[in-house]
Protein chains: 2
Amino acid sequence: MATAENAVSKATFSRVPAYLRYLKGEAGKGVEYVSSAAIAKDMGLSAVGVRKDLALISSRPGKPRFGFEVRRLIADIEKFLGYDRWTNAVIIGAGGLGRAILSYEGFENYGIHVIAAFDNAPAKIGAVGGKPVYPMERLGDVVKRSGVKVCILTVPRSAAQEACDRAVETGISAILSFAPVHLRVPDGVTVKYEDLAVSLAELCGA
Amino acid sequence: MATAENAVSKATFSRVPAYLRYLKGEAGKGVEYVSSAAIAKDMGLSAVGVRKDLALISSRPGKPRFGFEVRRLIADIEKFLGYDRWTNAVIIGAGGLGRAILSYEGFENYGIHVIAAFDNAPAKIGAVGGKPVYPMERLGDVVKRSGVKVCILTVPRSAAQEACDRAVETGISAILSFAPVHLRVPDGVTVKYEDLAVSLAELCGA
DNA sequence: TAAGAATCGATAAAAAAATATCGATATGTG
DNA sequence: CACATATCGATATTTTTTTATCGATTCTTA
């Protein structure tokens, strides 16, 4: 059964990245097949749940007595998550966090190409890790020419809404925000919040 | 130390930080009361769902015709999330991301005190944003003396499992990992993954 | 080649969560 | 003061998600 995106529930979808992370670890150790029971044990899930999830995203059924083929599953998941389609993204805010992300090369493994950062402060303009940091004025320019739809927002909270508005104006339709502020966006624009402090706090409370 | 006060479902719990983010925004604009319908509209939820969530975490019922008192709700949520109890944390890995987090002061608003970072590379030792970066050898020392239970892992993927093991040895029981690797930990240790590439990819697929 | 073990997928049951409905309550207004 | 209205909370219903059960499949091995 091919990856029919419609049939995959939200709950399953949210677990898929964790499967990928786990499976890559197994692949790195040379494991070829892995059973639902083993995955469940290592990841703290139930074996039945794992089988149900994998039934939805795997292009081949699991083999009795062996389990699932690790490499195939990885490929299926990467395709399912769209890592085989390249996406361009830009960063707004070239402070410490923005620069760290700009120079992080791990995105390339996920089909994401961070092409540039933008900042208001003249002192920040230049390049980081071989990638350019432009003044904010050039945002519309670059976004339109490159057809970028995704933006990573790493500005201080006080600047977040304005930066967000600028991004939306230029045609950005998906925003990953690190600012701990609720952003108002028009319909059709998606925002995902990556609030480090909240993540930490959740962890403490967990 | 289970999440024993669990009249609150997981689904509700996961929305609480978003409520807090939103309510702080409203408070900043001087809004005193907010209705479930308004929250729902702005946050893209259903009004009934919002009421159910708030019924569980608010110390006072909402007022007919007014809604919920913003300031009180904020206080309730902060207490609920434990932001009134201070937690110490350390960072392992003083690369770009680790340093950015070390110098980020936003954690203080959430009852989290990041006290130091640790790194293997001598070149990284020193201080960032007024906070010390120690060599890894001193990890056990500092963790034990300060009773730190929480660790933020910002090392390259290849170093993640080893750093994780070191942290667990010293008594760390909660890890927020930025490395895109499944970590094996003993029972009793919680890991939360903060995979930026995955977040971005999810956003693109959403 | 037949018995046995490990694993799967499908179906069914249970639990959790989201959504709808409706009477109750407080507030402003004629 | 009576009424219309916005909003709530509680209960009921539907949908989604998780968990349990069990026969089918495939490989190992005696």
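At what angle do the axes of helix α1 and helix α3 of chain A cross, and within what distance do they come?

**View 1. Crossing of helices α1 and α3 in chain A of the predicted model.** The axes of α1 (residues 10-28) and α3 (residues 47-57) cross at roughly 90° and come within 11 Å. Helix α1(A) is therefore roughly perpendicular to α3(A). On the α1(A) side, the contact is formed by A:T12, A:R15, A:V16 and A:Y19, which meet A:G49, A:V50, A:D53, A:L56 and A:I57 of α3(A). Five residues of this contact are nonpolar, two are polar and two are charged.

**View 2. Relation between chain A and chain B.** Chain A is superposed on chain B by a rotation of 180° with 0.0 Å of shift along the axis, and the RMSD is 0.1 Å. The two copies are thus related as by a two-fold rotation axis. The same surface serves both copies, since 98% of the contact residues of chain A recur in chain B. Within chain A, the residue closest to the rotation axis is A:L97, whose C-alpha lies at 3.2 Å.

**View 3. Protein surface near DNA strand D.** Helix α1(A) supplies three residues, the largest share of the surface. The surface comprises eight nonpolar, six polar and seven charged residues.

**View 4. Individual contacts of chain B with DNA strand D.** In the side chain of B:R51, an N or O atom is 3.1 Å from a base nitrogen.

Terms used
Residues numbered from 1 in each chain as written. Chains lettered and ligands numbered in written order. Predicted model: local features only at pLDDT ≥ 70, side-chain atom pairs only at ≥ 80, totals over all residues. Heavy atoms only, no water. Least-squares fit on C-alpha atoms with pLDDT ≥ 70 in both. Contact = heavy atoms within 4.5 Å. Axes fitted to C-alpha atoms, helices over the stretch in contact; angles between N-to-C directions. Helix = DSSP H or I, 4+ residues; strand = E, 2+ residues; numbered from the N terminus. Parallel < 35°, antiparallel > 145°, perpendicular 65-115°, else oblique. Nonpolar A, V, L, I, M, F, W, Y, C, P; charged D, E, K, R; others polar. Polar contact = N/O pair within 3.5 Å; in protein donor to acceptor, adjacent residues only side chain to side chain.
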